[in-house]
Amino acid sequence: MPDGSLPSPRPLRDADALAAAGLVPPAALPALREVAARYAVSVTPAMAALIDPADPADPIAAQYVPHPAELETTPQELADPIADHPHTPVKGVVHRYPDRALLKPLLACPVYCRFCFRREQVGPAGGVLSEAELDAALDWFEAHPAVREAILTGGDPLMLSPRRLRHILARLSALPHLDIIRLHTRVPVADPGRVTEAMAEALESEKAVFLCLHANHAREFTGEARAALRRLSRAGVALLGQAVLLRGVNDTAESLEALLRTMLAHRVKPYYLHQLDRAPGTARFEVPIAEGRALLASLRGRVTGLAWPTYALDLPQGQGKAPIGPDFAERAEGGWQVRGPLGGGHFQADATPG
Ligand SMILES: *Cc1c(COP(=O)(O)O)cnc(C)c1O
Ligand code: SF4
């Protein structure tokens, strides 16, 4: 805060609130009001407090504070960049893979990320399934025994009350064919105060519960976030991490290494590093795939293997997430040429049939 005052206790939800908090210059207001009319805005007190308003390249601000460039859509950008819509058998369910499906109980989030792939769908008003719609979505899981994993996403499922989460987990936990309940969320970093003991208890289940935390910068892991993650792991929830590779946020070897190490230090196992999905008005965040591969390759061997995420692209026609490297093995005459992460290499000849 520029004048030394405490951050407001409520999320900043429009351009004027951001200007009043000193996070955007008043001259930018007309353009940013237009952005905010098109895409939802929310910066939680926890995240606002991390922003240095004097730094025009602040990696926290870059993720949450709207930018005039969002009004420009390139021809490659799509409103539904990973084609969720054609894979929706009932409202709130997305079924693309045989053994797992998404359950989207609401479309609200604690913060609205400027690079979000669902930015045309998410927002504070939209998408809460009614009691009957939620029941129908849960009935769908019950009727599909090949689906062994329910993935709660949204929006952000931890925006639900503990009571409603407990109800969903109880219904899913009762399905004999379901092995895994997974939640994708930004709440433990973006609004850690929501992760109360009651919330953590609501996630307890006899099933394997995985929580996949979305965080993109080491600084997002505050003391409060640490306490929130601790409560979750005490409740038996296994913690995974996912990040989006973002220009100006985590696109250097130092910032990416710091993020992955910080995740691990909070018991969060890095799972995915996502290539940016081309949602409208997000071009300024894109890092070329060649650069992403080189960044990850530079960490291999130098940074604990626990930190290694799968670098993946979600294919735009809904064909799923594909790992996009880096790879260390190349087909060569009669075998494979394998690059060593510490330097050097090895030619592994094909086995000769005995
Ligand atoms: C991303 C996604 C999943 C989860 O994929 P994993 O590779 O198992 O993490 C499942 N279903 C849909 C529709 C998805 O978009
Ligand atoms: S929390 Fe996730 S769904 Fe919500 S705006 Fe950010 S990226 Fe999108």
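This briefing describes the sheet, the hairpins, a helix contact, the ligand surroundings and some backbone features of one structure.

The structure is a predicted model, in which local features need pLDDT of at least 70, side-chain atom pairs count only at pLDDT 80 or more, and totals for chains, interfaces and linings use all residues. Residues are numbered from 1 along each chain as its sequence is written, while chains are lettered from A and ligands numbered from 1 in the order in which they are written. Helices (H or I, at least four residues) and strands (E, at least two) are DSSP runs, numbered from the N terminus.

**The open sheet**

- Nine strands make up an open sheet with mixed pairing, in the order β1-β2-β3-β4-β5-β6-β7-β8-β9; two strands pair if DSSP finds at least two bridges between them.
- At the edges stand β1 and β9 (321–323), each of which pairs on one side only.
- From one strand to the next, the twist averages 25 degrees.
- Within this sheet, β3 (residues 149–152) and β4 (residues 180–185) run parallel and are joined by four bridges.
- Ala150 has Ile181 in β4 as its bridge partner.

- Strand β10 (residues 329–332) pairs with strand β11 (residues 335–339) in the antiparallel sense, over four bridges.
- Two residues lie between the strands of this hairpin, where Gly334 has a positive phi near 75 degrees.
- β11 also pairs with strand β12 (residues 345–349), again in the antiparallel sense, over five bridges.
- The hairpin of β11 and β12 has five residues between its strands, and Gly343 takes a positive phi near 105 degrees there.
- Trp336 in β11 stands opposite Arg331 and also opposite Gln348 in β12.

**The contact of α10 with α11**

- The axes of helix α10 (residues 253–265) and helix α11 (residues 289–299) come within 10 Å and cross at roughly 60 degrees; axes are lines fitted to C-alpha atoms, for helices over the stretch in contact, and angles run from 0 to 180 degrees between N-to-C directions.
- The two helices, α10 and α11, are therefore oblique to each other, since angles under 35 degrees count as roughly parallel, over 145 as roughly antiparallel, 65 to 115 as roughly perpendicular and the rest as oblique.
- Ala253, Leu256 and Glu257 of α10 make the contact with Leu295, Ser298 and Leu299 of α11 (C-beta atoms, placed from the backbone, within 7 Å).
- These contact residues comprise four nonpolar, one polar and one charged; Ala, Val, Leu, Ile, Met, Phe, Trp, Tyr, Cys and Pro count as nonpolar, Asp, Glu, Lys and Arg as charged, and the others, Gly among them, as polar.

**The surroundings of the ligands**

- Around ligand 1 are Val94, Arg96, Tyr97, Arg100, Leu102, Ile151 and Lys321, a residue being near a molecule if its C-beta atom, placed from the backbone, lies within 6 Å of it.
- The shell around ligand 1 has four nonpolar, no polar and three charged residues.
- Around ligand 2 are Cys109, Tyr112, Cys113, Cys116, Arg118, Val122, Gly155, Asp156, Arg186 and His214, which divide into five nonpolar, two polar and three charged.

**Backbone features in loops**

- Most residues other than glycine have a negative phi, and most peptide bonds are trans.
- Arg267, in the loop between α10 and β7 (269–274), has a positive phi of about 70 degrees although it is not a glycine.
- The peptide bond from Gly154 to Gly155 is cis, with omega near 10 degrees, and Gly155 lies in the loop between β3 and α6 (162–173).
- Gly325 and Pro326 are also joined by a cis peptide bond, with omega about 0 degrees; Pro326 lies in the loop between β9 and β10.

Notes. Contact = placed C-beta atoms within 7 Å.
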